[in-house]
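This briefing covers selected features of the structure shown below.

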Amino acid sequence: MRIKEGYLLREVAGSHVVVPTGKATLDFTGVITLNETGAFLWKLLADGKTSKELLGALLEEYDTTEAKAKADIDIFLTKLEVADLIE
Amino acid sequence: MYKIAGLKVKMECSGETLLAQGEPYRTAVAGQPDMIIDISDETLAKTKESYPQFCFDEWEYIHKGFAFSYKLLEHSGFCLHASAVAMGNKAVLFSAPCGTGKSTHAGLWQQYFGKDKVVIINDDRPALRLLGDEIYVYGTQWSGKTNLNANIKVPLQAVVFLKQAGENHIERLTNKEAIKRLIRHSIRPNHDKGKMDALLTLLDTLLQKTPVYHLDCNISMDAVKLAYDTINKRMRCII
C-alpha cells in the first residue's frame, strides 16, 4: 500500500497541505489539507508502510488506545481510497 | 531584452500581441540576462495544430507567459491569478475564479478613488517577488484580455478573494483557508516538484506577512469602501 506517485506534502503557514505534481495533476486538481495525524500517516504511506506498521507507529507516537488508533487509520485509509490516492 | 519584475529577460517575440504588450518593458540594458525565455516557433506551431482555436499570435503570448511564470520561481517570485491595484504605494490583489469580477472590482477602485490615485498594476496575472524582507507586486505584459498593466513595483498590502453576492461582507481568512485558495489561484509549476516546493515556500512567507481576506461583494462603491476600510483597519463611518 502506497500513496500514488507525484503528491507533495508540505507544511505551509502551520497547515499540512498536499499538492499534486507531474502525472498526478491529471488525476487530481486542487489541494488537500491534512491534520497532524493525517500528515503523520501520509508520510508513512508515502514510504509504502503496511496498515499494521501504521498502527504500531501511531501507538508509539500518540497517546491513544489501540481501538481508537485502528478506527482512525481505517477512516483515513477509506478517505484516501475514495479519493483514489493510494495504490 | 526586457526588464520584467526587476529581471533582465531575454525573449524573442514575433507575434503582434506580445510585441505590442511588451513595448513598455523593453530595455536597452545589456549584459547577462537573468532569464531566457526560449520557445521555438515549431513548438508554437505544434500547439496551434492541436488547439486551433487560438492563433499563433495568441499561443506565443500564452506559452511565453507561462514560461515566465515558471522561471520566476527561480528568482523568489511567482504569478498569481488576480487583478492588482496600487494606491499610495501599497498593492492590493483581488483574486477569484474567472468571470467573478476581479477586473470589475479593480475598476470600481479607480472610479471611487480616481484614476490618478489608483493604478492597475496588472489585470490578470501580476508577478510577486520576495526581495529582502518585503513582497513586491510587479506589472507584466501578461495582463489577460484587458491590456491593463503598468511597469511598476509596489509593496504588497493584502490579498482579497472575491465572491459575487447580494450583500457585501468581508472577513479575514485563517491561514488554513488562505493557503488553499492561494495555491489554487497561483500559476503552478505542475511538472516540476522543486519549483512547486519553491512556490509553497513563497506562499508560506507571504502568509506570515500579508493578511488575506474573503469579500462577498456586489458591484457597488459600498463594496470598495468596505474592502478599503477593512484592509486599512478603519472604522466604517455612516454617511
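In this predicted model, B:Cys13 counts as buried, because its relative accessibility is 16%, under the 20% limit. B:Cys55, at 35% relative accessibility, counts as partly exposed.

**Cysteines**

**Helix contact in chain B**
- Helix 4 of chain B (residues 102–113) and helix 7 of chain B (residues 221–231) have axes that come within 9 Å and cross at roughly 85°.
- Helix 4 of chain B is therefore roughly perpendicular to helix 7 of chain B, as angles of 65 to 115 degrees are classed that way.
- From helix 4 of chain B, the contact involves B:His105, B:Leu108, B:Trp109, B:Gln111, B:Tyr112 and B:Phe113.
- Helix 7 of chain B contributes B:Met221, B:Ala223, B:Val224, B:Lys225, B:Ala227, B:Tyr228 and B:Ile231.
- By class, the residues of this contact between helix 4 of chain B and helix 7 of chain B comprise 10 nonpolar, two polar and one charged.

**A lysine in chain A**
- A:Lys68 lies in helix 4 of chain A, which spans residues 66–82.
- With a relative accessibility of 45%, A:Lys68 counts as partly exposed.
- A separation of 35 Å divides the C-alpha atoms of A:Lys68 and A:Lys23, which are 45 residues apart along the chain.

Notes: Residues are numbered from 1 along each chain as its sequence is written. Chains are lettered from A and ligands numbered from 1 in the order in which they are written. This is a predicted model: local features need pLDDT of at least 70, side-chain atom pairs count only at pLDDT 80 or more; totals for chains, interfaces and linings use all residues. Side-chain values use heavy atoms; hydrogens and water are left out. Buried means under 20% relative accessible area, exposed over 50%, partly exposed in between (1.4 Å probe, protein chains only). Axes are lines fitted to C-alpha atoms, for helices over the stretch in contact, and angles run from 0 to 180 degrees between N-to-C directions. Helices (H or I, at least four residues) and strands (E, at least two) are DSSP runs, numbered from the N terminus. Angles under 35 degrees count as roughly parallel, over 145 as roughly antiparallel, 65 to 115 as roughly perpendicular and the rest as oblique. Contact means heavy atoms within 4.5 Å. Ala, Val, Leu, Ile, Met, Phe, Trp, Tyr, Cys and Pro count as nonpolar, Asp, Glu, Lys and Arg as charged, and the others, Gly among them, as polar.
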